[in-house]
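Subject: Structure for you to look at

Hello,

Here is the structure I said I would pass on.

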Amino acid sequence: MKQPSAKNILGTELENCCTHPPTGYFRDGFCRADENDWGQHVVCAIVTKEFLEFSMSRGNDLMTPKPESQFPGLKPGDRWCLCALRWREAYEAGVAPTVKLESTHEKALELIPLEVLQAHGVN
């Protein structure tokens with residue numbers, strides 16, 4: 001499934017990141033944002049235990065389910081649309097998760113160099 005109105009960091013149509021669990025600012029599986037998404041959830045990542053622990057240490061617990069928000073909690077191997085700045089922070093700390101390049105929105109390039117994302121990328 002593709003989101004034809006958006007482009008990924010490779011310049012092609014943005015592809016779906018994950019629908020189980022539903023991710024993205026709009027919870028439609030696409031890592032895209034609008035002006036209301038202050039976090040810019042545009043990086044499609046395959047989360048790791050190290051990243052999840054890092055995120056928790058920064059005050060963002062992505063592991064604990066939150067039924068009231070229909071959030072099942074993440075486990076290593078799940079795909080999730082991450083905030084570009086949090087991904088960059090994890091990169092600088094040496095715990096950046098892998099990135100699904102075709103599902104990472106071109107807006108990520110405003111905060112993270114293409115070469116860095118490609119070095120952590122999978123197709």
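A disulfide joins Cys31 to Cys81, with an S to S distance of 2.0 Å in this predicted model. The link between Cys31 and Cys81 is left-handed, at -85° about the S-S bond. It connects distant parts of the chain, since Cys31 sits in the loop between E2 and E3 and Cys81 in strand E4, 50 residues apart. Cys31 has a relative accessible area of 0% and is therefore buried. Cys81, at 2%, is buried too.

The count of disulfides is two. The other one is between Cys17 and Cys44, with S to S at 2.1 Å. This pair also links distant parts of the chain: Cys17 lies in the loop between strand E2 (13-15) and E3, Cys44 lies in strand E3, and 27 residues separate them. The torsion about the S-S bond of Cys17 and Cys44 is about 80°, so this disulfide is right-handed. Cys17 counts as buried because its relative accessibility is 2%, and Cys44 is buried at a relative accessible area of 0%. With the bonded cysteines counted along the chain, the disulfides follow the pattern 1-3, 2-4.

Cys18 is buried, with a relative accessible area of 10%.

On the strands, E3 and E4 pair in the antiparallel sense over five bridges. Within this pairing, Cys44 stands opposite Cys81 in E4. These two residues belong to separate disulfides, Cys44 being bonded to Cys17 and Cys81 to Cys31. Four of the five residues of E4 are buried, so E4 is largely enclosed by the rest of the structure.

Next, helix H2, which covers residues 84-92. Its buried residues are Ala84, Arg86, Trp87 and Ala90. Seen down the axis of H2, these fall within an arc of 165°, so they line one face of the helix. What covers them includes strands E3 (41-46), E4 (79-83) and E5 (98-100), together with helices H1 (49-57) and H3 (114-119). After H2 comes Gly94, which has a positive phi, near 80°.

In soluble globular proteins, nonpolar side chains tend to be buried together. The largest nonpolar core here has 23 residues, and those that touch the most other members are Val43, Leu62 and Trp87. Elements giving two or more residues to this core are E3, H1, E4, H2 and H3. What does Val43 contact, leaving aside its neighbours within four places in sequence? The residues in contact with Val43 are Cys31, Trp80, Cys81, Leu82, Ala84, Trp87, Val99, Thr104, Ala108 and Ile112. There is also a second, separate core of five residues, among them Cys18, Cys31, Cys44 and Cys81. Of these, Cys31 and Cys81 are bonded to each other.

Regards

Notes: Residues numbered from 1 in each chain as written. Predicted model: local features only at pLDDT ≥ 70, side-chain atom pairs only at ≥ 80, totals over all residues. Heavy atoms only, no water. Buried < 20%, exposed > 50% of the residue type's maximum accessible area, 1.4 Å probe, protein only. Arc of directions from axis to C-beta. Contact = heavy atoms within 4.5 Å. Pairing = 2+ DSSP bridges. Disulfide = S-S within 2.5 Å. Core = buried A, V, L, I, M, F, W, Y, C linked by side-chain atoms within 4.5 Å.
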